[in-house]
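Hi,

Here is the structure I promised to send over. Have a look at it first, and my notes follow below.

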Amino acid sequence: MRKKVLALFATLAACTFAFANGTAEKNPSASAKQRDLSSIVIDKDHPVELTIGVSSKNKGFPEKEEDDYVYQQILNDTGVKVKFQVIDDYYTALNVRIAGGDCPDLFQSNSAHMRIFAKNGDILDLTPYRDKELKNLMAWIGNTDTHPFMVGNELYALPKAYVNAMTYSLINVRKDWLDRLGLSIPKTVDDLYDVAYAFTYNDPDGNGKNDTIGFSGKAPYGFETIVNAYDTALGNYVIIRDGMVTNTLLQPHMKDALSMCKKFVDAGVIDPDIWTVNPRDKAIGGQLGMLTLEWSVMYKASYVKQIKSVNPNADWTYFGPLASEVGAQPALEPIDVTSSNNFLCVKSDISPEKLAAVFKLADYLVTDKGSMLVDFGKEGVHWEYGADGKPQMTKKAAEANYVATYQLFGREDKSYLNVKFKEAKDQILYAQQMPHIITYNSLVQEPEDFYLTDCNNYVSSQLIAFIYGQRPISEYDDFLKELESTYGFSKYMQACENQLRAAGYVK
């Protein structure tokens with residue numbers, strides 16, 4: 001595994017220098033000259049096939065085209081045949097296919113690889129089509145930040161609406177335990193500690209045994225819940241504060257945050273298995289009183305049923321984020337500015353007919369008809385309009401789960417989730433409104449001789465050492481000096497500033 005990581009890093013690092021100022025050296029094959037597509041006719045009588053390279057397809061995806069009603073509907077309405085190609089060992093195999101001239105017409109990419117593809121002339125500069133052919137898509141994504149899809153001032157990927165609410169976390173608590181002990185929902189990290197202590201040592205389930213745990217969270221969410229209250233995060237995260245590029249490791253209250261984490265560990269009020277056991281299992285079993293976890297695995301109907309079947313008295317509710325004694329803006333969980341760092345690029349030598357098909361497909365998928373199709377499935381089968389005139393899922397809704405593969409440009413999460421998971425609408429809204437620590441790592445390409453993977457591994461090991469008392473927190477400044485002497489951390493931060501400034505995030 002380590003060899004694969006280092007090989008991937010070497011590939012990324014080799015192409016870094018050209019992007020230090022947010023620009024790319026392009027192969028002439030990726031010319032930005034606009035092609036005339038006006039005479040091309042695409043409909044069900046004149047179909048065009050588009051191959052789309054993906055790393056995977058959703059479960060239940062039909063093996064036969066005749067069984068794929070989404071494929072059939074798109075073909076009937078647009079004349080575009082959408083052919084997904086699953087590529088194993090994705091980027092390694094994709095690069096081989098690109099070099100061999102066997103590249104899909106469109107293929108998934110993230111920001112880092114997009115920059116490499118752009119430099120090598122492997123993908124099409126879509127800037128000339130932004131205001132006309134992509135006009136409807138641009139309008140549909142609304143206020144989505146388009147910088148993640150660009151290199152310098154040029155558009156190199158088809159923009160995608162952010163879809164990160166599915167992974168947003170909430171701090172969850174057993175309200176019945178709070179009531180039994182006469183406690184209130186925590187508002188600060190000190191409150192969180194006090195409740196966690198009571199849940200650990202004051203027999204909140206009333207069984208007379210010392211068998212409960214105060215607080216947990218899928219690693220590192222549990223500790224992040226604490227650290228985020230100090231306007232920082234557990235890792236090498238690039239952030240912007242007061243108009244300046246900086247890093248969570250350099251935040252003024254990081255030592256306070258680590259000290260609070262250590263307080264939880266020393267008191268034994270945080271799950272000792274936080275790094276190895278899914279906290280949800282302990283929550284279901286009635287051992288755990290609080291945990292930070294995604295809303296989707298706590299409040300979907302199927303999961304609520306599972307929890308109640310094991311412990312019918314469990315009454316879970318949610319809260320957050322937390323304030324701290326340093327007065328930082330409350331926030332929960334670091335979220336990268338790209339949010340969904342997985343979008344589509346168009347190969348540079350795509351034919352005019354196929355390029356016209358790309359734009360026609362994009363136009364269709366952002367219409368009401370197209371978006372409803374790829375969001376919910378077939379009308380009258382998987383969903384229908386209710387008495388209130390709003391869509392609602394039927395008992396056959398699960399049969400349409402595979403259609404998410406066709407959400408090529410994201411989705412409007414608020415309406416989508418409220419239809420799919422009405423039982424969790426309050427939790428979804430809360431999660432969507434939760435303030436987060438916005439990070440910018442995906443937009444930064446590290447300097448050529450900066451070993452980001454090794455640096456991040458060292459950062460993680462030392463932060464854990466501080467939290468568990470394996471290294472005194474008083475040595476935190478020494479740790480920062482080590483990042484500089486061993487890895488040249490300031491050079492990395494200078495690259496972050498240069499690139500984010502070039503992208504327009506700072507002046």
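What is the strand order in the open sheet of 4 strands? The order is β2-β1-β3-β13, and the pairing is mixed (two strands pair if DSSP finds at least two bridges between them). Before you read on: this is a predicted model, where local features need pLDDT of at least 70, side-chain atom pairs count only at pLDDT 80 or more, and totals for chains, interfaces and linings use all residues. Residues are numbered from 1 along each chain as its sequence is written, and side-chain values use heavy atoms, with hydrogens and water left out. Helices (H or I, at least four residues) and strands (E, at least two) are DSSP runs, numbered from the N terminus.

Back to that sheet. β2 (80-86) and β13 (343-346) are its edge strands, each with a single partner, so one side of each has no neighbour in the sheet. From one strand to the next, the twist averages 30° (axes are lines fitted to C-alpha atoms, for helices over the stretch in contact; angles run from 0 to 180 degrees between N-to-C directions). β3 (residues 106-109) runs antiparallel to β13, joined by 4 bridges, and Leu106 sits opposite Val346 in β13. Helix α13 (residues 352-365) packs on the sheet, touching β1 (48-54), β2, β3 and β13, at about 75° to the direction of β1; contact here means heavy atoms within 4.5 Å.

Then there's α14 (residues 368-376), with 7 of its 9 residues buried (under 20% relative accessible area; exposed is over 50%, partly exposed in between; 1.4 Å probe, protein chains only). Met372 and Phe376 are among the buried ones, and the cover includes α2 (69-78), α13 and α15 (413-420). Just after α14, Gly377 has a positive phi of about 105°.

Cheers
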